[in-house]
Amino acid sequence: MSRATIDVWVGIFVAIGLGAMVFLSLKAGNLLTTSNAPGYRVEAAFDNIGGLKTRAPVKAAGVTVGRVESITLDPVTYQAVATLRIERQYEFTRDTIASILTSGLLGEVYVGLDVGGDEEMLADGHRISKTQSAIVLEKLVGQFMLNQASSLAGETK
Amino acid sequence: MVSLSSLSDEAASLTDVTFGYTPSRPILSGISMRIPRGKVVAIMGGSGCGKTTILRLLAGQVKPSAGRVVVNGQSVPELKKAELYTLRRRLGFLFQFGALFTDMPVFENVAFPLREHTDLPEPLIRDLVLMKLNAVGLRGAAHLGTNELSGGMARRVALARAIALDPLLMMYDEPFTGLDPISLGVVSQLIRRLNDALGITSIVVTHDIYQSLNIVDYIYFVAAGGIIAEGTPAAIRASTDPFVKQFVNGEDDGPVPLHMKAPPLAEDFLGRMGV
Amino acid sequence: MVNGLLRGLERLGAATRKAVTRLGFASRFLIAVLRHTPTAFLRLPLTLREIYFAGVLSLVIIVLSGLFVGMVLGLQGYDILSRYGSSEALGTMVTLSLVRELGPVVAALLFAGRAGSAITAEIGLMKTTDQLQAMEMMAVDPLARVVAPKFWGGVISMPFLAALFSASGVFGGYLVGVQLIGLDSGAFWSNMQAAVDFQLDIVNGIIKSAVFGVIVTWIAVFEGYDTKPTAEGVSAATTRTVVEASLAVLAADFILTVFMFRGV
């Protein structure tokens, strides 16, 4: 095996190895469009975030416009405060409603933004005032059962 | 310091050297020998008597627990690693089975020391390698792989590699082991011829008495950690020393007993039955 | 009874002492090898040659294994995900499994078997046939000339191999999910892209594979250099390389995973 042949093979090897890394970064990791896009942060407080996790998408009209950067518990109000990082090119009104939604019955949990009619726009550090918490399945079922029971009780009376 | 006169006529010497891999079991105890410049000296003795250890001491691979080891006027145990490596460039070493690099063809094996230690241009390296191979009669084998060589050829290629940098001192570790009679003659004649043609000094560690008597200038017999006999081949042939006679004639019993030390026969065989 | 217990404890103690001593030797060996790093990079052809043997020659096994693992993940993942009506998450599942865990780990295990054992056997054989000693006698340090290039060759090859494994695995999952089962290609990729994070998943995967590369190659060169110079010695050392490297990779994977993905 001559030195030149080895050089060529090692060159091919490194090239396709790098190619694989680039493929994973761009095609699977979506490096260019999400992580590096400049953005601004807004906060949203929820009574209950359900299954929301950091890095969950933030969507408006089904389009991903940002990600959940961190989730903390406010020690005073006992509300969950989610910090949303939204891409710079998207602007939302101050009265935007943030709600925690689930795609499908058991799909991923995300934050949905519904735009209002305010003149002023959200900027870095603002807090979204109108929020809608996650629908917790157990509570929903519990409420449904309670309603059923009371209506049944009404009929028998 | 070594005096100027000893520098000029001594390629290497051991003075009162004691060495053991474990302190409790010394392999060499207080051994002294001189290797005169330009001569072929044989170090002989039975298997495991410490012959190879002497070469390792001279090459600085191991350090003596006492005594002086001097090669080319330098005290080997005191050398730092870089100095030791500088010294080793002037030493040639032939391993028992050649120790050729199996991942390189013959040519590259011989070129190895040149490529490692010199910045010679490729055409010059090629000429030097072919010259060295020619000296051992294997210029035609330059393109072969090491796996295509017979045992004797491999040892000659290794010899060409060992002399690639024109050493001052050649050391041969059991160069005759496992060779057919023809290869044996070729290798032993080569050792002598190269020594005289290149003006180097050679130390041959071996237990092959016949080849040694034919080619060497001086013989040291090593046994039990010391030198028990020494002399020129003629003196050795005429020696009446019982050990030398046993060694030269290949007798099975003598000062070196056939049987290892053991309890008397009756005790060993009957004793156990008695219990 | 007490005697037996005592003897058992004594043996346990001796085994521990031996293991720790060996680890000490291996660490000192690694430091010595690292000190010769400049040689490995100044004489680049030596290291390129080792990348050829460790990396290029492992290409086929890595790409094929990755492809098959990805296809199996596609089939099994579809079976499980479709029970929950979320088969569109197949791309996410296949890719995350590969880049986070299977890519680095399985590639490292294959690498230990394919390249690690070869490195050990080659160094061990060079030692057994006096080649390393011969080199030393020619005033060439075998650590610099043989071991350091092999070490760096392996360390450099490993992340590329792991990335190739993951990439061909993702492609295998795509083949099964989209081409065979007939999921929507757009959903497959977009779900994956929404869920896979560059920093967390891909960079961490590459870091993992680099760590595994160091572990496997370190064990391989050490076992080779430490070989008992006999035929059985070489075969025993080769076996030890594969066993120790595999265990070490899996243990290190657990530790790295704890630090990288805990609290996510």
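The model is predicted, so local features need pLDDT of at least 70 and side-chain atom pairs count only at pLDDT 80 or more, while totals for chains, interfaces and linings use all residues. Residues are numbered from 1 along each chain as its sequence is written, and chains are lettered from A and ligands numbered from 1 in the order in which they are written.

**Positive phi angles**

- Most residues other than glycine have a negative phi.
- Ala99(B) is not a glycine, yet has a positive phi of about 55°.
- Glu174(B), also not a glycine, has a positive phi of about 45°.

**Where these residues sit**

- Ala99(B) lies in the loop between β6 (91-94) and α4 (106-117) of chain B; helices (H or I, at least four residues) and strands (E, at least two) are DSSP runs, numbered from the N terminus.
- Ala99(B) counts as buried because it has 25 C-beta neighbours inside 10 Å, where buried means 20 or more other C-beta atoms within 10 Å, exposed 12 or fewer, and partly exposed in between, with C-beta atoms placed from the backbone.
- Glu174(B) belongs to the loop between β7 (169-173) and α7 (181-198) of chain B.
- With 19 other C-beta atoms within 10 Å, Glu174(B) is partly exposed.

**Where chain B meets chain C**

- Chain B brings 12 residues to the contact and chain C brings 9 residues, two residues being in contact if their C-beta atoms, placed from the backbone, lie within 7 Å.
- On the side of chain B that touches chain C, α3 (81-88) and α4 each supply at least two residues.
- The most comes from α4(B), with 3 residues.
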